[in-house]
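Visitor: I would like to learn how to read a model like this one, feature by feature. Could we look at it together?

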Amino acid sequence: MTYSEKLRSLSAHCGVATSYTDYRGSHVDVADETLEDTLHALGLSFSHDDAGIDAASQYFYTKEATRSLPPTIIGVEGEDVTFPVHVIDGEPVDVWVVTEDGQRYDCHQIEDLTPARHVDYPVDHAGEPLTDSESESGAAAHAPGAASYGQASFTLPKDLPLGWHTIYASSPTRGQAETTLVIMPARLSAADDLVAHPQAGLMAQLYSVRDSGAWGIGDFYTLGTLARHAAEQGSSFILTNPLHAAEPAPPVEDSPYLPTTRRYINPIYIRPGAIPEAAHLPDDAAEALQERGRRHYPENTSSAYINRNPIYADKLLSLKDIYDVERSATRQHAFDTFVEHEGEGLTHFAQWCADQAEPWWREKLGHGEDDDSFPPSDYWVGFYQWLQWIVDEQLEAADVTARDSGMSLGLMADLAVGVHPGGSDAEALAPYLAPDCSVGAPPDGYNQVGQDWSQPPWHPWKLAEAGYRPWRDLLRTVLRHAGGIRVDHILGLFRLWWIHRPVPGEAADPRAGTYVNYDHAAMVGILALEAERAGAVVVGEDLGTFEPWVQDYLQSRGIMGTSILWFENDDDAPRHSENYRRLCLASVTTHDLPPTAGYLDGEHVTLRQKLGILTSDPEEEDANDLEWQNRVLDTVREHGDFDGTPADVSYNGLARDERPDSSAIIAGLHKFLAESPAALTCTSLVDIVHDRRVQNQPGTTADIYPNWRVPLCDGDGNAVVLEDLFRSDEWAQPYFHSRR
């Protein structure tokens with residue numbers, strides 16, 4: 001074999017794609033240099049010659065063939081599960097399971113195989129070569145060199161309960177090894193109920209939705225108010241943007257999809273005056289609280305882009321004042337219990353926040369670098385722990401409001417793909433990430449030059465070695481106050497587009513990347529297990545480039561997909577509503593497209609051309625888009641969903657400005673989806689008010705487009721506050737009740 005052939009063979013064995021099919025259906029071979037960089041990022045260092053690739057291959061295959069137990073074992077409740085155990089050839093081995101509640105079950109050996117590999121150096125239970133010092137210590141007694149390793153196959157008992165368990169293996173020479181066992185549900189129980197009883201909901205970018213008492217940005221009080229009124233209109237859930245925490249002090253990242261952590265929540269969504277201790281502020285602090293709120297009230301009726309930094313600065317100053325108010329014994333006990341329950345994860349996050357925010361606080365409070373009167377670190381750690389407690393209380397209150405108002409699902413959380421490379425998770429989860437790479441996307445219809453999201457990806461091997469606990473802990477927090485979870489780019493649980501960064505912090509060419517595979521049975525299984533335990537539904541955003549079997553796999557586990565009206569087709573023809581898949585969330589638009597009023601006018605083409613990210617001919621792109629839109633509109637017309645439009649009047653050949661008023665079209669499109677068998681349908685709040693500006697243009701940064709800063713406005717560009725929305729004719733349109 002040539003060097004390139006060996007490289008490709010090792011890459012494929014390590015889960016690194018050597019080729020892929022692009023969004024146009026063309027075959028693309030990945031360059032050798034990209035494969036080398038990706039293998040290095042996974043931890044396989046080698047010289048780029050035959051000797052180097054041979055040594056790397058030997059190391060990888062030996063580790064596979066000699067580790068006592070797999071890093072994590074995934075099983076499905078009630079199904080047969082077999083797994084390999086490696087021991088010194090010919091030695092007996094005992095294997096058993098201890099469940100999370102302490103019950104012991106014996107595993108049964110079903111097969112012996114021929115010796116797997118002869119090894120001339122000592123290895124540990126995980127198949128890692130030992131150093132000389134380790135070999136000379138007691139570790140060598142459990143990890144002999146020059147030995148033949150055999151493989152035995154074992155099966156799990158079928159009656160193991162759902163949950164997180166531990167498998168043990170013990171042999172005379174190697175001693176005892178252990179690994180994590182996860183038993184997941186065969187299928188989410190909530191899925192079939194939704195298929196039988198379809199529901200409708202609302203989706204909104206929380207920051208963009210303001211009521212008259214907001215501080216220029218939507219908050220948890222706003223969310224509860226919106227949920228209550230949406231429930232009255234027939235909505236069964238409300239889907240928001242990710243609420244993950246950004247930086248602990250200004251300046252803060254605008255994108256909710258580039259958080260500092262996915263486990264904790266953004267305090268910018270706190271309503272300070274709703275905290276019980278705010279009623280007991282000293283007079284000067286109470287007046288400061290009122291003044292800061294009044295400073296931002298005018299922004300609620302402004303169509304100007306949202307500026308988070310001054311809003312968050314004022315909130316933090318008042319939140320500190322409230323934190324300093326003595327809490328009642330009951331409230332203090334609740335806070336202490338929260339901190340204890342969250343444990344080390346919250347403490348680490350709060351410490352990181354305290355360290356990062358110290359310069360900002362010193363400046364705001366007028367303390368110099370050497371000023372001993374500045375509050376100590378413990379004070380600030382407590383403050384940032386307290387913020388998460390307040391966040392948890394106010395988010396829970398919004399969810400309770402939603403459910404008490406009649407929403408069967410309540411709030412639906414949104415989980416971002418990854419985290420900011422300089423954030424808390426990047427530091428705390430560093431042992432489980434690949435910091436030399438960034439997640440992104442190859443060229444596609446959204447962005448034809450590819451995308452670099454600047455987020456460090458999960459390291460698939462290290463995550464498995466950790467028993468996937470970082471993934472589990474994240475999901476548990478996100479699902480705490482949610483009846484559902486939308487997983488952005490759920491295809492990332494199967495594979496992610498890795499882009500190697502030769503220089504940390506510098507941009508890399510997204511086109512020079514490749515896919516790295518993950519153990520989807522583990523990633524999806526743990527998602528399903530934690531959702532099942534939380535009583536939540538799961539929606540996967542499965543748009544983009546993927547293999548067709550992926551959707552089938554997700555559906556078999558009861559995980560819904562995402563269907564966007566403009567992208568649905570059958571044999572290059574617009575899909576009729578009765579042919580939509582059942583297990584999905586269907587909507588007319590998404591946050592990566594303009595609101596439907598703007599989309600109908602071709603804003604997605606015009607904007608990309610203006611920003612310089614459209615690589616095709618603009619006139620041709622617009623003509624093709626217009627033709628497809630008209631074909632979709634004719635399909636909707638044929639269903640009789642455009643009130644007052646004769647069935648024999650076609651949209652074919654009409655220019656954009658020759659079509660009827662967009663409000664009638666928008667209503668008809670939602671009626672069309674309501675008639676589909678989709679388990680969930682979702683109306684975007686921007687479509688109800690006929691907003692036009694896009695919230696996010698994929699592949700652009702703040703210096704190119706003001707992503708995630710656009711406030712809710714009507715079709716004329718005037719800001720909309722909730723009190724006015726609820727009195728409007730648009731809010732009274734039947735977007736939800738037809739599915740109840």
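**Contacts and cores**

Guide: Leaving aside neighbours within four places in sequence, tryptophan 361 is in contact with Leu316, Leu317, Lys320, Phe374, Trp380, Phe383 and Tyr384; contact means heavy atoms within 4.5 Å. This is a predicted model, where local features need pLDDT of at least 70 and side-chain atom pairs count only at pLDDT 80 or more, while totals for chains, interfaces and linings use all residues. Residues are numbered from 1 along each chain as its sequence is written, and side-chain values use heavy atoms, with hydrogens and water left out.

Visitor: Which residues touch the most other members of the largest nonpolar core?

Guide: A nonpolar core is a set of buried Ala, Val, Leu, Ile, Met, Phe, Trp, Tyr and Cys residues joined through side-chain atoms within 4.5 Å. Buried means under 20% relative accessible area, exposed over 50%, and partly exposed in between (1.4 Å probe, protein chains only). Here the largest core has 80 residues, and those touching the most other members are Leu226, Trp361, Phe383, Trp386, Leu685, Leu725 and Trp731. Among the elements giving two or more residues to this core are α9 (329–365) and α10 (377–404). The largest share, 13 residues, comes from α10. Helices (H or I, at least four residues) and strands (E, at least two) are DSSP runs numbered from the N terminus. A second, separate core of 69 residues includes Leu7, Phe60, Ile490 and Val550.

Visitor: Where does isoleucine 490 lie?

Guide: Look in the loop between β17 (484–487) and β18 (495–500). Isoleucine 490 counts as buried because its relative accessibility is 0%. Beyond four places in sequence, isoleucine 490 is in contact with Leu527, Gly540, Glu541, Asp542, Leu554 and Ile559. Its C-alpha atom is 9.0 Å from that of glycine 561, which is 71 residues away along the chain.

Visitor: Which residues of helix α1 are buried?

Guide: In α1 (residues 3–13), Tyr3, Lys6, Leu7, Leu10 and Ser11 are buried. They sit on the same side of α1, because they cover an arc of only 135° around the axis; the arc is that of the directions from the helix axis to the C-beta atoms. Their packing partners are α2 (32–42) and α3 (50–66).

Visitor: In what order do the strands of the open sheet run?

Guide: Two strands pair if DSSP finds at least two bridges between them. The four strands run β16-β15-β18-β19, with antiparallel pairing. At the edges are β16 (451–455) and β19 (513–517), each pairing on one side only. Three bridges join β15 (residues 437–441) to β16, and alanine 441 stands opposite glutamine 451 in β16.

Visitor: Which residue has a cis peptide bond to proline 251?

Guide: Most residues other than glycine have a negative phi, and most peptide bonds are trans. The bond from proline 250 to proline 251 is cis, with omega near 0°. For phi, both aspartate 572 and tryptophan 708 have positive values near 65°. Aspartate 572 is exposed, with a relative accessible area of 60%, whereas tryptophan 708 is buried, at 5%.

Visitor: Where does pLDDT stay under 50?

Guide: pLDDT is the predictor's confidence in each residue, from 0 to 100. The chain's mean is 91, and 93% of its residues reach 70 or more. Over residues 132–144, however, pLDDT stays under 50. Where pLDDT is low, the predicted coordinates should not be read in detail.
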